[in-house]
Amino acid sequence: MSNQTVTELRVLAAKSASKNGFAVSDFKMFTHLNPLSIQVNIRHQNPDKKVTIDDCSMLSEYIDEAIQNSSIINQPFTLEISSEGVGEILTKEKDFQIFKGFPIEVTYQDLKKIEQKTTGLLLKRSDNDLQINQKGKVHRIPVEDVIEVRLTTPSG
């Protein structure tokens, strides 16, 4: 598939997203898959809003329709619309349950009230502490000391 085709599809996806209040943050095509796979990551144009599953579903219909009505590609394809995901801040109890085992970065204040950052795999958050796995050891951070918990990419 030519670079021009990929560029045309990226522009088409970006236009559809923009019309609906979103921006395309990443666009990938996997031409070696059968059918062809198009993956589009989106974010709200309003940075205070989070992308929901309903947003992804709605935008998937609009982008799929735009691709189908264009003559850019004439072969079967799958389309995946998702949010940036990585870098999302965990705030709700449900977030901590859903992302158990995922890599996180915790910003917290230590005993001297100095801001610190640490990483690990999310184990759980209770009323008392946030528990993360750091190389097989459980690290507990008192909930009142936690400033922010953010999903990260796994480090190799």
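Two strands pair if DSSP finds at least two bridges between them. Strands (E, at least two residues) and helices (H or I, at least four) are DSSP runs, numbered from the N terminus. The structure is a predicted model, in which local features need pLDDT of at least 70, side-chain atom pairs count only at pLDDT 80 or more, and totals for chains, interfaces and linings use all residues. Residues are numbered from 1 along each chain as its sequence is written, and side-chain values use heavy atoms, with hydrogens and water left out.

**The three-stranded sheet**

Strand 1 and strand 2 (residues 36–44) are antiparallel and share eight bridges. Met29 has Ile38 of strand 2 as its bridge partner. These strands belong to an open sheet of three strands, in the order 1-2-3 and with mixed pairing. Strand 1 (22–30) and strand 3 (77–83) are at the edges with a single partner strand each, so one side of each has no neighbour in the sheet. From one strand to the next, the twist averages 20°.

**Two helices on the sheet**

Axes are lines fitted to C-alpha atoms, for helices over the stretch in contact, and angles run from 0 to 180 degrees between N-to-C directions. Contact means heavy atoms within 4.5 Å. Helix 1 (residues 3–19) packs on the sheet and touches strand 1 and strand 2; its direction makes about 150° with that of strand 1. Helix 2 (residues 53–69) lies across strand 1, strand 2 and strand 3, at about 145° to strand 3.

The expected span of a helix is 1.5 Å times one less than its number of residues. For the 17 residues of helix 2 this gives 24 Å, which agrees with the 24 Å between its end C-alpha atoms.

Residues are called buried under 20% relative accessible area, exposed over 50%, and partly exposed in between (1.4 Å probe, protein chains only). In helix 2, the buried residues are Asp55, Cys56, Leu59, Ile63, Ala66 and Ile67. They cover an arc of only 95° around the axis, which puts them on the same side of helix 2; the arc is that of the directions from the helix axis to the C-beta atoms. These buried residues pack against helix 1, strand 1, strand 2 and strand 3. Ile53, Asp54, Glu61, Gln68 and Asn69 are exposed on the other side of helix 2.

**Two nonpolar cores**

A nonpolar core is a set of buried Ala, Val, Leu, Ile, Met, Phe, Trp, Tyr and Cys residues joined through side-chain atoms within 4.5 Å. The largest has 19 residues, of which Ile38, Val40, Ile42 and Ile81 touch the most other members. At least two residues of this core come from each of helix 1, strand 1, strand 2, helix 2 and strand 3. A second, separate core has eleven residues, including Val106, Leu122, Ile132 and Ile141.

Strand 4 (residues 103–109) has five buried residues out of seven, so it is largely enclosed by the rest of the structure.
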